[in-house]
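Visitor: Could you walk me through the aromatic rings in this one? I'm new to this.

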Amino acid sequence: MSATEHASAPGESSVTRMLEIFDVAPVGANTFTGSSDGGPRKVVDGTQLLAQSVVAVAKRLPGRSIRSAHAVFVRVADPDQPLEFVVDVTHEGRSIAAASVAVNQHGRRCASVSVLADTAASDVIRHHAPRPRVAGPAESIQADMPMAGRELRIVGVADVNDPAEVGPPELFAWLRYEPIPVRDDLAKALLAHFTGHLSVSTTMRAHAGVGTSQAHHTISTAVMTVTVSFHEPVGWDGWLLYSHESTQVGAGMSYVRGQVHTEDGRLIASFTQEAMIRPLRREHSAIPAHARL
């Protein structure tokens, strides 16, 4: 199916639309601008800001390959307002380059992203963690997280948001995208975009009576940081497996680590997430979910 067949109606989320959003436009030597897709929640996902920052640095440092990015999300961004990405190149050597990105809206900082880039090099040694031995996409359960051009299936879990869904603090998600970007920076942006989506659900799964359906109603949750590392090469075809494992939660914060494997077993990215999981303060109960942090 072609990219045009997956184009969405105005206001509807789609992979094609997200790739357009990721592709931030230069408005100066070090400044880029972008828009958002807030979806039905009317809030910008932090991983969208991360993906856009990856593309901004790739455009600022042409010829370099983005190897990792660490994002800290400090303020909710309004999906109806433009975003500004200011790139500060802190080092530009022959092999390694580094940059920081200030993500601003109306002069206020929404996120800070540190990015590492390099030039291509041949292997000295190579190994990678094997793909987890879990059910394949055909045996997994279709998830209700609609986006035209994206198919999502969860291994063995019918509803990741259900407080009655209890099991080990891990989730395995199969994703298939159409179109798959040809450009390296957009492919990495697309990989990064899903890294924060299931972290809170993964953590809550180990605790009976607690689920992400309660988020912003009786529990306050937010992804605070995402770090993603890209393992060369990042090209893929068909399904991707996102593996999530929550290794710790307490004192109001959770920690999740994950990996992205191709269906044929290559490890193409690794990631970590820190999320806030706290009681919903009474004074916040009347505040719309999209305005809280």
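Visitor: Let's start with F194: is F194 buried or exposed?
Guide: Quick background: this is a predicted model, where local features need pLDDT of at least 70, side-chain atom pairs count only at pLDDT 80 or more, and totals for chains, interfaces and linings use all residues. Residues are numbered from 1 along each chain as its sequence is written, and side-chain values use heavy atoms, with hydrogens and water left out. Buried means under 20% relative accessible area, exposed over 50%, and partly exposed in between (1.4 Å probe, protein chains only). F194 has a relative accessible area of 0%, so F194 is buried.

Visitor: How many aromatic pairs does a search of the whole structure find?
Guide: Rings of Phe, Tyr and Trp (its six-membered ring) pair if their centres lie within 6.5 Å. Searching the whole structure on that basis gives 2.

Visitor: What kind of pair do F194 and Y242 make?
Guide: Planes under 30 degrees apart count as stacked, over 60 as edge-to-face and the rest as tilted. Here the ring centres are 5.2 Å apart and the planes sit at 75°, so the F194 and Y242 pair is edge-to-face.

Visitor: And what about Y242, buried or exposed?
Guide: Y242 has 0% relative accessibility, so Y242 counts as buried.

Visitor: What kind of pair do Y242 and F271 make?
Guide: Their ring centres lie 6.1 Å apart. Their planes are at 45°, so this pair is tilted.

Visitor: Which residues form one aromatic cluster?
Guide: Y242 pairs with F194 and also with F271. The one cluster is formed by F194, Y242 and F271.
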